Amino acid sequence: MNEHRCVVIVGSQWGDEGKGKIVDVLAEDVDIVARYQGGANAGHTVHVGDEEFILHQIPSGILHPERRCYLGNGVVMDPFQFFEELDALTARGIDAEGRVGVSGRAHLLLSYHKVLDRASEALRGTGKIGTTGRGIGPAYEDKVARQGIRVADLRDAARVEASLRRAAERVNSRLEFMGSDERVEADGLVAEVLGIRDRLMAISVDTGRVIHDALKAGKKVLLEGAQGALLDVDHGTYPYVTSSNTTAGGAGLGVGIGPTAIDSVVGVVKAYTTRVGAGPLPTEFPSPMQEHVRELGGEFGATTGRPRRCGWFDAVVVRYAARVNGLTGLAVTKLDVLDTLEELKIAVGYRAAGQEMDDFPGDLGLLEEAEPVYETLPGWQTSTREARRWEDLPEAAQAYLRRLEELTEVPIWYVSVGTRRDQIIHVERSH
Ligand code: GDP
Ligand code: IMO
Ligand code: MG
């Protein structure tokens, strides 16, 4: 990894794979960490000593002193939530203020996007996506409809005021049409946004230029993905997805550098599978295994507190994620959560519509009826939490991980065996 200067860290299941922990570990050795998509729908948990930090918008590198952290143009930035998060870090003794920047090309996610998010979900009734309610879909809709407001637009107060008033009108007629009682109040909105204008303008930068120059000067950069490949608006389980390109292709695009600037792509996966929100999850556990693993893994959402749905490791999903992301290495997290299980299953294919499939289908109907084909491996029933080298892992855990490599066709570069920074194995390629 040392020679890899620009590395993408990408969730390769349905989000919450432990990207925050992996970015925090790898940030030890880099200069810049930048987010390239999503917004405050992310919840990236990092443990430093006895303290837990949950980052929604600020990149997970921020907990290392001196790392510079940026939000790229592909992010939808909620400026109020962003500054709240920044102030909370400062209050906890993290000197973050002078180390953050946001692309002038990033779109602002404002209160009315959250109102629209709630109203759209209510309208969907039983077909709810189960969004995080953070306004993500409506903010990206505005961006693509060419009616969004970007950070750089704040320079001209009169123009931004006019845009906000137009947005309020548009949103209110849409809310009325949707049958929602909520309304946006234009004066309040304008006052609110103009109130944070100076603070936001002060951190507005051209992230593409900053990252390009840093790489040219030999510095190291991590591009931190949010969500996961199966939540990508193009490659995920549409429509049960988020509204951005979470996959590695979105990384260069979302910070303003080209694909040739990227040296490697690390796919973060849990040693099992989780998903929060609605949509297919072929390897989902039945009860009581569901509750048991949820308890073992502490699987409750970092952003919404919702219980996460849990299941066996799905090699069909990760093989697909490896292809669409061009993964060069895997970081397998939460291996320790499996420590007490007697045996482990891995989905190696699906059976649907009377056929066997070894690839992840784009047809949601097919996916919904897909029955996983499992392979069963023995558990190790001993703690892996103290393992710091590959050789420290029990034989059965090594065999399980080697099988994941074979099935996904991606080498494992890191294994995480607990929440702490030191609970990480940097895998040497000797096994
Ligand atoms: P992210 O969104 O991908 O950053 O992941 P989240 O932070 O939402 O969820 C991952 C959860 O697993 C967090 O609570 C982490 O502290 C925790 N975690 C990460 N790596 C490990 C690990 O190796 N073992 C255990 N037991 N927990 C981990
Ligand atoms: P991190 O970065 C897990 C899910 C939501 C919902 C769908 C759409 O912590 O891995 P949205 O609010 O984005 O419109 O919701 O995507 N979702 C996540 N699930 N981890 C996340 O982020 C998620 N961000 C969104 O639950 O199903
Ligand atoms: Mg998360």
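**Notebook: two ligands and a few residues**

I began with the shell around ligand 2 and sorted its residues into eight nonpolar, ten polar and three charged. For this sorting, Ala, Val, Leu, Ile, Met, Phe, Trp, Tyr, Cys and Pro count as nonpolar, Asp, Glu, Lys and Arg as charged, and the others, Gly among them, as polar.

I noted that this is a predicted model, in which local features need pLDDT of at least 70 and side-chain atom pairs count only at pLDDT 80 or more, while totals for chains, interfaces and linings use all residues. Residues are numbered from 1 along each chain as its sequence is written, chains are lettered from A and ligands numbered from 1 in the order in which they are written, and side-chain values use heavy atoms, with hydrogens and water left out.

**Entry: ligand 2**

I looked up which residues surround ligand 2 and found 21, the closest being Asp16, Lys19, His44, Thr132 and Thr242. A residue is near a molecule or strand if one of its heavy atoms lies within 4 Å of it. The shell takes at least three residues from each of domain 1 (6-97 + 206-426) and domain 2 (107-201). The domain bounds come from an automatic or database domain assignment.

Next I looked up polar contacts, meaning pairs of N or O atoms within 3.5 Å; within protein, one must be able to donate a hydrogen and the other to accept it, and residues adjacent in sequence count only if both atoms are side-chain atoms. In the side chain of Thr132, an N or O atom is 2.6 Å from an oxygen atom of ligand 2. A polar backbone atom of Asp16 is 2.8 Å from an oxygen atom of the ligand. For Arg306, a polar side-chain atom lies 2.9 Å from an oxygen atom of ligand 2. Ligand 2 taken alone exposes 550 Å², and the protein buries 98% of that. Accessible areas come from the Shrake-Rupley method with a 1.4 Å probe; for residues, only the protein chains shown count as cover.

**Entry: ligand 1**

I did the search again for ligand 1, which has 19 residues around it; Lys19, Gly20, Thr45, Asp336 and Ser416 come nearest. The side chain of Thr45 has an N or O atom 2.6 Å from an oxygen atom of ligand 1. For the side chain of Arg308, the distance from an N or O atom to an oxygen atom of ligand 1 is 3.1 Å. Lys334 takes part through a polar backbone atom, 2.9 Å from an oxygen atom of ligand 1. Taken alone, ligand 1 exposes 590 Å², of which the protein buries 92%.

**Entry: aromatic pairs**

I searched the whole structure and found five aromatic pairs. Rings of Phe, Tyr and Trp (its six-membered ring) pair if their centres lie within 6.5 Å; planes under 30 degrees apart count as stacked, over 60 as edge-to-face and the rest as tilted. Trp380 is in the loop between β18 (371-378) and α13 (395-408), and Tyr400 is in helix α13, 20 residues apart. Helices (H or I, at least four residues) and strands (E, at least two) are DSSP runs, numbered from the N terminus.

Are these two residues buried or exposed? Trp380 is buried at 8% relative accessible area, and Tyr400 is buried at 1%. Buried means under 20% relative accessible area, exposed over 50%, partly exposed in between (1.4 Å probe, protein chains only). I also noted a cluster in which ring pairs link Tyr320, Tyr350 and Phe360.
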